[in-house]
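Q: Could you take me through the reading of a helix pair, one term at a time?

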Amino acid sequence: RGRLSYAELAPVLAAKVLQIEQDIERGCFDERDLDDALIVDLHERLCADLIPGIAGWRHINVVIGAHEPPEHFRVPLLMREYA
């Protein structure tokens, strides 16, 4: 799809979120545990085909404004603990 502006990307993401919501309503995930594996699977369904390199847990450290989230290598463990 090339480089998209947010205005171009938003409807694509919205359609993907709608599909995931419909899958949840149909019970597609009823047999799955609510755990870190499900969370990463949902993330991959949302964006893997849009930006394959970012699907799954992050591989780099990021800063969002003044917020510094946990270092990338801690994210899988923290998500497992959270779930």
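This is a predicted model: local features need pLDDT of at least 70, side-chain atom pairs count only at pLDDT 80 or more; totals for chains, interfaces and linings use all residues.

A: Residues are numbered from 1 along each chain as its sequence is written, and side-chain values use heavy atoms, with hydrogens and water left out.

Q: Where does Asp23 lie, and why does Asp23 count as buried or exposed?

A: Helices are DSSP runs of H or I with at least four residues, numbered from the N terminus, and Asp23 lies in helix H1 (residues 6-25). Buried means under 20% relative accessible area, exposed over 50%, and partly exposed in between, with a 1.4 Å probe and protein chains only; Asp23 counts as buried because its relative accessibility is 10%.

Q: How do the axes of H1 and H2 cross?

A: Axes are lines fitted to C-alpha atoms, for helices over the stretch in contact, with angles from 0 to 180 degrees between N-to-C directions; those of H1 and H2 come within 9 Å and cross at roughly 140°. Angles under 35 degrees count as roughly parallel, over 145 as roughly antiparallel, 65 to 115 as roughly perpendicular and the rest as oblique, so H1 and H2 are oblique to each other. Contact means heavy atoms within 4.5 Å, and here it is made by Leu13, Lys16, Val17, Ile20 and Asp23 of H1 with Leu42, Arg45 and Leu46 of H2.

Q: Which residues of H2 are buried?

A: They are Asp36, Leu38, Val40, Asp41 and Cys47, and their cover includes helix H3 (75-82).

Terms used
Helices (H or I, at least four residues) and strands (E, at least two) are DSSP runs, numbered from the N terminus.
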